[in-house]
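Subject: Structure handover

Hello,

Please find the structure below. My notes on it follow.

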Amino acid sequence: MLNNARFRGEFYDVREMRAVELNSASLGFSEELMMENAGAWVAKVARSKGESFLILVGKGGKGGDGLVAARHLALMGAEVMVLFPYKECEIKKETTKKNLERAKMSGVRFVKEFTEADVIIDALLGTGVKGMPRSPAKELIEQSNDFNAFKIAIDLPSGMDPDTGECELCFEADLIVTMHAPKPGLKNLMDKVIVAEIGIPKRADQYLGPGDLLLRPRGIRKGSNGRVAVIGGSKRYQGAPWISALAAFRAGADLVYVYTPTRMDFPELIWRKRTGTRVEEMSLKEALEKDRINVIVVGPGLAEEALEITKEVLEYAKEKDVSLVLDADSLKVLPEIGEKLGWKAVLTPHLGEASKLLGRSLTDSPKERMEAAFDISDSFEACVILKGPIDVVACKDKLVLNTTGNEYMTVGGTGDALSGVVGALLGRDEPWWAAKATTYAVGKSGEICVEERGHASPTCLIETVPKVLHSVK
Ligand SMILES: NC(=O)C1=CN([C@@H]2O[C@H](COP(=O)(O)OP(=O)(O)OC[C@H]3O[C@@H](n4cnc5c(N)ncnc54)[C@H](OP(=O)(O)O)[C@@H]3O)[C@@H](O)[C@H]2O)[C@H](O)CC1
Ligand SMILES: [K+]
């Protein structure tokens, strides 16, 4: 699995692409640099296809790529015409504006209507497209499709939905030069696709960064951001589920229930006294149903009751549309239950728990840890946060590493806080994004806590995570 896997998977949807762009920007790689590379690539590929070029330019980033390509093609001695059917003041992107000015200084001819050429380059609608092409892009796509020329699309054919490939009216490309990684919509067109490296550093793909905090916006209805139940605690370990629950609440869950034997006073949280698998006067399943729980965090501090409770939770999850976080003691009993989790769960093992999950010993070597994370994800059909000095997040064919955090986060309760945050984020997003954002944010919070207070206690993490989650929109 590890050998042929790409970090973050083979195809990048619009959100993943945006995450990687933001991560690059945070590493000092500007959009202007990427756009220059993108356009230069297109020009190089296009140059051999003809002597005259008509470039259809939109007002977004893809239009910018087209303008760079126009400039380079003109400098290479080709006859270049640009059709920009908008007003200059409609351009929102600074980099696209700059490249319009630069194209004007580079021997490019600006035309007012569709003009004959050997090659048509589509620089109209890219990953910023919303819905069916509207005028004037619509007419230009239609005219191109009726015209006999060699047709090149930048990034993806205009009109296509980048994530689904849906296409009522699309630019009919002979060749597609896609930026950095193919988009899911191109899956069935891969024989026409060239992937252009536009200068995004490997680190932006391989490691989590601020772009991985691009969660779905919060829902406006109460409950749409998660009704979380934390099931944990025992006579011996009373605090763990409360830390997890408080973390879930502060990370944005709408309602958080704690099903645990011992009460602690947190007015934000709702306590349900649990004795074994009984919750107040109900069975566990009845309680979950009654509280209309849609995310379950199970494991923290469960001790000897873990097997029975985890079994019941998994049974419940099979019947109902709930997301799961399995942590601590629930991870220890998972191999014995031997259940696949159907891609709606996040597992949060450290190395020791990972080794138990796989039934083999593991060392700290990065390669082995990446393999282990993939293997756990495969065998349990779940996303995995393998915690450690370098965390590994793996989910089906996707994997990414994380270096945020520090040695102060070895204190008790750190893992409980993390599982609670995952729970909260599962309330509003899919496991891959919940796992990525949590891993980055909890580590980053640890760094901020040590900087500001000299420690990274769970309480400090719980206070700081919301701020980090908020830092990117
Ligand atoms: N991936 C990278 O690292 C880089 C990619 N680049 C290129 O940039 C585009 C994405 O740029 P973006 O500005 O986000 O989006 P578009 O170029 O697709 O432009 C969107 C504009 O089109 C308008 N729009 C949206 N939907 C429609 C529609 N259905 N019909 C007509 N017009 C539409 C929209 O205008 P609004 O006023 O409606 O908001 C936008 O102005 C990416 O695909 C790459 O090609 C860069 O090179 C940087 C690096
Ligand atoms: K870490």
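**Overall layout**

The protein chain has 15 helices and 18 strands. Helices (H or I, at least four residues) and strands (E, at least two) are DSSP runs, numbered from the N terminus. This is a predicted model, in which local features need pLDDT of at least 70 and side-chain atom pairs count only at pLDDT 80 or more, while totals for chains, interfaces and linings use all residues. Residues are numbered from 1 along each chain as its sequence is written, chains are lettered from A and ligands numbered from 1 in the order in which they are written, and side-chain values use heavy atoms, with hydrogens and water left out.

Confidence comes next. Mean pLDDT for the protein chain is 96, and 99% of its residues reach 70 or more. Here pLDDT is the predictor's confidence in each residue, from 0 to 100. For the complex, the predictor gives an ipTM of 0.97 and a pTM of 0.96.

Along the principal axes, the C-alpha atoms of the protein chain fill a box of roughly 80 × 40 × 40 Å. The domain assignment gives domain 1 (31-200) and domain 2 (210-469). These bounds come from an automatic or database domain assignment. Taken over C-alpha atoms, the centres of domain 1 and domain 2 are 44 Å apart.

Of the 473 residues of the protein chain, 57% count as buried. Buried means under 20% relative accessible area, exposed over 50%, and partly exposed in between (1.4 Å probe, protein chains only). Ile231 is one example: it sits in strand S8 and is buried, with a relative accessible area of 0%.

**Potassium site**

Which residues coordinate the potassium ion (ligand 2)? They are Gly388 (O), Asp391 (OD) and Thr404 (O), at 2.7 to 2.9 Å. Donors are N, O and S atoms within 2.8 Å of the metal (3.2 Å for Na, K and Ca); water is not among the atoms, so sites may look incomplete. The donor residues are spaced G-x2-D-x12-T in sequence. Gly388 lies in the loop between strand S16 (383-386) and strand S17 (391-395), and Thr404 in the loop between strand S18 (398-402) and helix H13 (414-426), 16 residues apart. Gly388 is partly exposed at 28% relative accessible area. Thr404 is buried at 10%.

**Salt bridges**

Side chains of opposite charge can pair when their charged atoms come close. The whole structure holds 37 salt bridges. The criterion is a side-chain nitrogen of Lys or Arg within 4 Å of a carboxyl oxygen of Asp or Glu.

- Glu31 and Lys93 pair at 2.7 Å, N to O. Glu31 is in helix H2 (residues 31-47), and Lys93 is in the loop between strand S2 (79-83) and helix H4 (94-104), 62 residues apart. Glu31 is partly exposed at 32% relative accessibility, and Lys93 is partly exposed at 30%.
- Glu36 and Arg71 pair at 2.9 Å, N to O. Glu36 is in helix H2 and Arg71 in helix H3 (residues 61-75), 35 residues apart. Glu36 is partly exposed at 23%, whereas Arg71 is buried at 10%.
- Glu430 and Arg216 pair with their closest N and O atoms 3.2 Å apart. Glu430 is in the loop between H13 and helix H14 (431-453), and Arg216 in the loop between helix H6 (202-206) and strand S8 (227-231), 214 residues apart. Glu430 is partly exposed at 32%, and Arg216 is partly exposed at 39%.

There is also a salt-bridge network, which links Arg8, Glu16, Asp212 and Lys436.

**Second largest pocket**

The second largest pocket has a volume of about 710 Å³. On a 1 Å grid over the protein atoms alone, a pocket is an open set of points where a 1.4 Å probe fits, with protein on both sides within 12 Å along at least five of seven lines; lining residues have an atom within 4 Å of a point. Grid points are joined across faces, edges and corners, and the volume is the space filled by probe spheres set on the points.

The lining counts 32 residues, and His350, Lys387, Met409, Thr414 and Gly415 lie nearest the centre. Helix H10 (329-337), helix H11 (351-358), H13 and H14 each supply at least two lining residues. H13 gives the largest share, four residues.

Best regards
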